[in-house]
Amino acid sequence: MTDNTAKREIITPRLQLVAWELTRSCNLYCAHCRGSASHGQYDGELSTGECFKVIDQILEVGNPILILTGGEPLLRQDTLQIARYATSRGMRVVMGSNGTLINDNTAADLKAVPIARLGISLDFPTADLQDNFRGQAGAFAQAIAGIDSARQAGIDIQINSTITKLNVNYLDDLVSLALEKGAVAFHPFLLVPTGRGKGLESVELSPQEYEDTLNWIYDRQQELEGKMFFKPTDAPHYLRIMKQRQKQNGQKKPPDPAVPVSGHGSVHSITRGCLAGTGFCFIDHRGSVRGCGYFDVEAGNIREATFGQVWEHSPLFGDLRDLSKLKGKCGDCEYKRICGGCRARAYEASGDYLEAEPYCIYQPPAWRRKKQGALN
């Protein structure tokens, strides 16, 4: 391999998004929760002062969109104080919430921060199913009321839905509900069975169902262009599907999905499939830095090193940026630069985060030739 080829195998990191689990405490008990969150105090949470310091250190690396999440972030008393500090430093701050604790007063406080967008989790379009999945009666009605309060306060809403065999047939209804509620975006999360989500492995979509669902999402995005933005999460092969579908539709030069669709720093961006360690990272409530919230391998801890030291020098992130280290068909795939496979799903399935994405049906020509050569 020449030096030039080697260089092309390395992804240059550009920090675009940081998701931050300010607390693991939660008022619900959701079946899919990656953190197995429950109500009550969790020892070792970063203090307010430590959180301010983390924000300062992130800004030494770049100015990413900051996603405040949990657990339920609104259970932490200083969440809005932390959010205000981040916005005062020039960061764009969004929040992921189950929506049940948002009323008119809370929404007004969030708008004043300002929180640029609220991601509200709805996995089913009806109260009985949502309440059962979320482990609390009234969760659906409270989330809908929270959405209404946030919209009235002028906060953009996105709907987040974790997709399994339990609700894949409700996707049309979920999108209709999101449109009815004035959501600007719909983010389907394709289950990574970690935490309490391991109990849902039996209802995880098959690789073919993943493919069918991602093609359905592509079709719906074309139909609703300009009305609502779709961003599949934990589904990096959507970028491969986008490219393939654009070619099938006769576009001589399909738009490069590695370019943000709505400008630099936009929350309406699809820049790459798996962004872990290249454009995105996750910080948990105790300061552990990981590739994403579903990726249970620590890159470092901001109580032991600065955020910049972890981001720039972590061996884990170094591995994730070197495409030549990908194994199996992911390593041979012509779409690996824009996709990369889900490293969290590979890790959960094999114990090796560099192994092939186990839920992608695509067979790269180079991989097929290699397999055929091995048989001959």
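A charge is taken to sit over a ring if NZ of Lys or CZ of Arg is within 6 Å of the ring centre and within 35 degrees of the ring normal. By this criterion, the charged end of R321 sits over the ring of W311, 4.7 Å from its centre. K329 likewise lies over the face of W367, at 5.9 Å from the ring centre. The structure is a predicted model, in which local features need pLDDT of at least 70 and side-chain atom pairs count only at pLDDT 80 or more, whereas totals for chains, interfaces and linings use all residues. Residues are numbered from 1 along each chain as its sequence is written, and side-chain values use heavy atoms, with hydrogens and water left out.

The secondary structure of the chain comes to 14 helices and ten strands; helices (H or I, at least four residues) and strands (E, at least two) are DSSP runs, numbered from the N terminus. Of the 376 residues in the chain, 57% are buried. Here, buried means under 20% relative accessible area, exposed means over 50%, and partly exposed lies in between (1.4 Å probe, protein chains only). Contact means heavy atoms within 4.5 Å. Among the contacts in the chain with a separation of 6 or more, 71% are accounted for by residues 24 or more positions apart.

Aromatic side chains were examined next. Rings of Phe, Tyr and Trp (its six-membered ring) pair if their centres lie within 6.5 Å; planes under 30 degrees apart count as stacked, over 60 as edge-to-face and the rest as tilted. By this rule the count comes to ten aromatic pairs. One of them is the stacked pair of F52 and Y85, with 4.3 Å centre to centre and 25 degrees between the planes. Because F52 lies in helix α2 (residues 48-61) and Y85 in helix α3 (residues 79-88), this pair ties together parts that are 33 residues apart in sequence. Y85 has 21% relative accessibility and therefore counts as partly exposed. The ring centres of Y335 and Y362 are 5.6 Å apart and the planes stand at 70 degrees, so this pair is edge-to-face. It links distant parts of the chain, 27 residues apart: Y335 is in the loop between α12 (328-332) and α13 (343-350), and Y362 is in the loop between α13 and α14 (365-375). Both Y335 and Y362 are buried.

Helix packing was described by axes, which are lines fitted to C-alpha atoms, for helices over the stretch in contact, with angles running from 0 to 180 degrees between N-to-C directions. Angles under 35 degrees count as roughly parallel, over 145 as roughly antiparallel, 65 to 115 as roughly perpendicular and the rest as oblique. The axes of α2 and α3 are 10 Å apart, and the two helices pack at an angle of about 25 degrees; α2 and α3 are therefore roughly parallel to each other. This contact is made by T48, C51, F52, I55 and D56 of α2 and Q81, I82, Y85 and A86 of α3. The axes of helix α8 (residues 207-223) and helix α9 (residues 238-248) come within 10 Å and cross at roughly 60 degrees, which means that α8 is oblique to α9. Residues of α8 in this contact include E211, L214 and Y218, and those of α9 include Y238, I241 and R245.

Two loop residues illustrate buried positions. M91 is placed in the loop between α3 and β3 (93-97) and, at 5% relative accessibility, counts as buried. Not counting residues up to four places away in sequence, M91 touches I55, I58, L59, N63, P64, L66 and A86. The C-alpha atoms of M91 and G62 are separated by 9.8 Å, although the two residues are 29 residues apart along the chain. Q16, in the loop between α1 (3-8) and β1 (17-21), is also buried, with a relative accessible area of 17%. With the same exclusion, Q16 touches P64, I65, T271, L275 and G279.

Some backbone features remain. Most residues other than glycine have a negative phi, and most peptide bonds are trans. A cis peptide bond joins G70 and G71, with omega about 25 degrees; G71 is in the loop between β2 (65-69) and α3. Another cis peptide bond joins V113 and P114, with omega about 0 degrees, and P114 is in the loop between α4 (104-112) and β4 (117-121). D234, a residue other than glycine, has a positive phi near 60 degrees. D234 lies in the loop between β7 (229-230) and α9 and is buried at 14% relative accessibility.
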